[in-house]
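Q: Could we go through this structure together, beginning with the helices and then turning to the strands?

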Amino acid sequence: MDIGFLSSKRIVPNSRISHANMYQSSQKPSRLGKFIEKSVIARRVLLFIAMLGMCMLIGDGILTPAISAWVEALSAIVLIVLFLLQKFGTSRVSFLFSPIMGAWTFTTPLVGSEALFADLGHFSRSSIQIAFLFTIYPSLVLTYAGQTAYLIKNPYDHDDGFFKFIPTSIYWPMFIIATLAAIVASQSLISATFSVIKQSVVLDYFPRVKVVHTSSNKEGEVYSPEVNYILMVLCVAVILIFGDGKDIGNAFGVVVILVMLITTILLTLVMIMIWRTPPVLVALYFSVFFVMEGVYVSAVFTKIPEGGWIPFAISLILAFIMFGWFYGRQRKIEYERTHKIDLKRLGVLLSDPCVQRVPGLSFFYSNIQDGLTPILGHYIKNMKSLHKVTIFTTLRYLLVPKVAPRERIVIKKLGLKGVYRCVIQYGYADSLNLEGDDFVRQVTESLQAHIEDSSEYVPTVPLEVEEEISDVEEAKLAGVVHIRGKTRFYIGKNCRWLDRFMLGFYEVLHSNCRSALPAMGVPLPQCIEVGMLYEA
């Protein structure tokens, strides 16, 4: 089902439109921003860099749990338990994170062991600043100073150095703390993977997967069953295949430094285009971090044959999936934009004597807000009918916990008898369930209120208002149906080889991803699918 809350051009901008307008009204786009807006190649290069960074982050989410392997079977068991606990959400165990990481950062300087600390994405800005300045940074300096001293004394003893630097007398206490810290780090990367996948789904750059919000007040705390179990299988496979830890360590080094380099590049663009940071400060930031990270990248590239290829393989697969989905969705949007039905065209279709207005109330789901889906024309031409009351419904996802009841349903008349548009807005903590009479009752009540309010501004005969309201009630009593489109691309012989390959791959992804409408609880007896082939 292609419902409109999964389109990059129709979701996130809707929730941030006021901020975007404020920004545009107060500042003109920078020269770099204008160049990127005008250049298709520049936009695609930027998209590729962002996709690569996201794919590398997901690769980090696979390698971080795996790199903590000590005994392969034990590590696999710990990881399986960790992934099985994801459905309960991070909040249930997050109170343990700070004590564990505090113990880790305070004990590693004493023994010269490597510092592993978790991604602090679930904490506030002040807590991150305080933790970094007063615990993590001093811990890192002392830890690596201790390692340097050990390597100066033992220049050839650098293999498997994680626990080798630890004195025998405190080996097991440090092992326990290190294991707990590794679990926290793994949890952070797993949670980050859920978050970026969810954002990619919302922006329509990734096939639809089930996303469950495990917190009612934190938008970033999400869980995806499909992603969770795929990560679990991949992590366990990496441990069992590369169990000695050396190849995993090389792969981990490659992915971490590449994520840092890509972050530096994207943050530089943000500083120039959005923050409008003075050029001197931008140049200072970019030159220092890009040169430093570039040197590290050149160093870790030598590790590619020795396990460093793993994140590239993972990223390549993920990037291909993302690009295939994006390519198909863009072609679908282009087709709908050029073949959309406007109100004039709808009026012509309904004026055909062969087309009947049959009893009943239909919710016709569409993801086009400045027109009507081509499936509507296909439906009317073939069925020769349209319900007496038809509500073209669009779902709009907002980045807020809950949408106020008075703002949840927005309805307007489209100027044709019995034809209306409805936008259902919901937040990440809202329960979007269309099952039962409650949803229909809410929409029809809002519709009737809108009809009454419209009569106050537009001169209308009272009998006509009562008749319109009566038609809505009669249609509801006659029966409710939910009509959705199920589109596919027709790949003919005249298609280019790129379209033939990429759209074929998109169709595979589209046929195996989650369908949005059944997930909202629409009763199956009331659900009608209208298939249509889009010419590639």
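A: A definition comes before the helix lengths: the expected span of a helix is 1.5 Å times one less than its number of residues. Please also note that this is a predicted model.

Q: How far does helix α7 reach from its first C-alpha to its last?
A: Helix α7 covers residues 125–153, which is 29 residues, and its end-to-end reach is 40 Å. That is close to the 42 Å expected.

Q: Where does α7 bend?
A: The bend is at F132 and amounts to about 50 degrees.

Q: And which residues of α7 are buried?
A: They are T135, I136, S139, L140, T143 and Q147. An α-helix has 3.6 residues a turn, so residues three or four places apart point the same way.

Q: Which residues does the UniProt annotation "transmembrane region" cover?
A: The unreviewed UniProt entry gives that annotation to residues 41–59, 65–85, 130–150, 170–190, 227–245, 251–275, 282–302 and 308–327.

Q: What is the helix content over residues 41–59?
A: The chain there is 100% helix and 0% strand, with the end C-alpha atoms 26 Å apart. Over residues 308–327 the figures are 95% helix and 0% strand, and the end C-alpha atoms are 29 Å apart.

Q: Moving to packing, how many residues are in the largest nonpolar core?
A: That core has 46 residues. Those with the most contacts inside it are I58, L63, F194, I197, L231, V238 and M322. At least two core residues come from each of α4 (40–67), α5 (72–84), α8 (171–202), β2 (222–223), α9 (225–241), α10 (246–273), α11 (279–300) and α12 (309–339). Another core, of 30 residues, lies apart from it and includes F364, F489, Y506 and L509.

Q: What is F194 in contact with, leaving aside its neighbours within four places in sequence?
A: F194 is in contact with Q86, V222, Y223, S224, V227, N228 and L231.

Q: On to the strands: is β4 mostly covered or open?
A: Strand β4, residues 385–397, is mostly covered, with 12 of its 13 residues buried.

Q: Which way do β3 and β4 run, parallel or antiparallel?
A: Strand β3 (residues 356–365) and β4 run parallel and are joined by 8 bridges. In one of these pairings, R357 has L386 in β4 as its bridge partner. Strand β6 (residues 419–426) also pairs with β4 in the parallel sense, over 8 bridges. There, T394 has V423 in β6 as its bridge partner.

Q: How many residues apart in sequence are C422 and K412?
A: They are 10 residues apart in sequence, and their C-alpha atoms are 6.7 Å apart in space.

Q: Last topic, backbone angles. What is the phi of R276?
A: R276 has a positive phi of about 55 degrees although it is not a glycine. R276 sits in the loop between α10 and α11, and its relative accessible area of 29% makes it partly exposed.

Q: And what about the phi of K384?
A: K384 likewise has a positive phi, of about 55 degrees, and is not a glycine. K384 lies in the loop between α14 (374–383) and β4. With 38% relative accessibility, K384 is partly exposed.

Notes
Residues are numbered from 1 along each chain as its sequence is written. This is a predicted model: local features need pLDDT of at least 70, side-chain atom pairs count only at pLDDT 80 or more; totals for chains, interfaces and linings use all residues. Side-chain values use heavy atoms; hydrogens and water are left out. Helices (H or I, at least four residues) and strands (E, at least two) are DSSP runs, numbered from the N terminus. The bend at a residue is the angle between axes fitted to the seven residues ending there and the seven starting there. Buried means under 20% relative accessible area, exposed over 50%, partly exposed in between (1.4 Å probe, protein chains only). UniProt positions are given in the numbering used here, feature names are shortened, and annotations may be inferred rather than shown by experiment. Two strands pair if DSSP finds at least two bridges between them. A nonpolar core is a set of buried Ala, Val, Leu, Ile, Met, Phe, Trp, Tyr and Cys residues joined through side-chain atoms within 4.5 Å. Contact means heavy atoms within 4.5 Å.
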